[in-house]
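Subject: Structure handover

Hello,

Here is the structure for your files. Please look it over alongside the notes below.

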Amino acid sequence: CPVCREGNVIGNIMAVTCAEQLANADAIVGSYSPKIDEIIRCILRLRADEPNVKSLIFSQWDSILSAIMPALKQNSIAYRVSFGKKFSKEIDEFKDSKLGVTCMMLSLKYAGKGLNITEATHVFLVEPILNADEEMQAVGRVHRIGQTRETFIHKFISRGTIEESLYDKIIQEKDKWI
């Protein structure tokens, strides 16, 4: 691992898991966009398996994070978000296990560097990140010294869109990426 320098079997490392729509998809409240719906389903599945699960949701766009907020709220998923204001207060509330906050939504431009949030075990990357260093920084908020649990990365890429083209380009240059 380029972050913790632990050895790992190459067969255990995957860039993206591509899953077809499930016939019995988890029911969510509301309908937003296919990507937001899938993010909410994933969080609900994680929370069903582990009620105290904590996840970081990263996006390069504040407007995307704003679009996810109503879906989280409508599906009773406690979250915190900061667009640069009251940042340390929001992080402290996310870390406080008594408050039951499941998700912390972070903009890469404000929170991609310098944070230690080992309370979380899941990192959601809402869209392809074009800079390998920014992706490593985002993952590094959770997967760092002091983390005692496995870290899981969830990348969301919409088929048939510019995102898929970007991801294909990134994979062609995979020697630069984790």
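Cys42 counts as buried because its relative accessibility is 11%. Buried here means under 20% relative accessible area, exposed over 50%, and partly exposed in between (1.4 Å probe, protein chains only). Cys103 is buried too, at 0%.

A word on provenance. This is a predicted model: local features need pLDDT of at least 70, side-chain atom pairs count only at pLDDT 80 or more, and totals for chains, interfaces and linings use all residues. Residues are numbered from 1 along each chain as its sequence is written, and side-chain values use heavy atoms, with hydrogens and water left out.

Back to the cysteines. The disulfide count is zero, taking a disulfide as a pair of cysteine sulfur atoms within 2.5 Å. For Cys103, the closest cysteine sulfur is that of Cys42, at 9.6 Å, too far for a bond.

Helix 1 (34-49) next. Helices (H or I, at least four residues) and strands (E, at least two) are DSSP runs, numbered from the N terminus. The 16 residues of helix 1 should span 22 Å at 1.5 Å a residue, and its end C-alpha atoms, 23 Å apart, agree with that. The expected span is 1.5 Å times one less than the number of residues. Its buried residues include Lys35, Asp37 and Arg41. Among the elements covering the buried residues of helix 1 are strand 1 (55-59), helix 2 and helix 6.

Now the cores. A nonpolar core is a set of buried Ala, Val, Leu, Ile, Met, Phe, Trp, Tyr and Cys residues joined through side-chain atoms within 4.5 Å. The largest has 22 residues; Ile40, Ile43, Ile57, Ile68, Leu72 and Phe124 have the most contacts inside it. Helix 1 gives the largest share, seven residues. Beyond its neighbours within four places in sequence, Ile68 is in contact (heavy atoms within 4.5 Å) with Ile36, Ile39, Ile57, Met105 and Val126. A second, separate core has 16 residues, including Leu108 and Val123.

Last, the rings. There is one aromatic pair. Rings of Phe, Tyr and Trp (its six-membered ring) pair if their centres lie within 6.5 Å; planes under 30 degrees apart are stacked, over 60 edge-to-face, the rest tilted. Phe124 and Phe156 are stacked, 5.7 Å centre to centre with 5 degrees between the planes. Both are buried. Phe124 lies in strand 4 (residues 122-125) and Phe156 in the loop between strand 5 (152-155) and helix 6 (162-172), so the pair ties together parts 32 residues apart in sequence.

Best wishes
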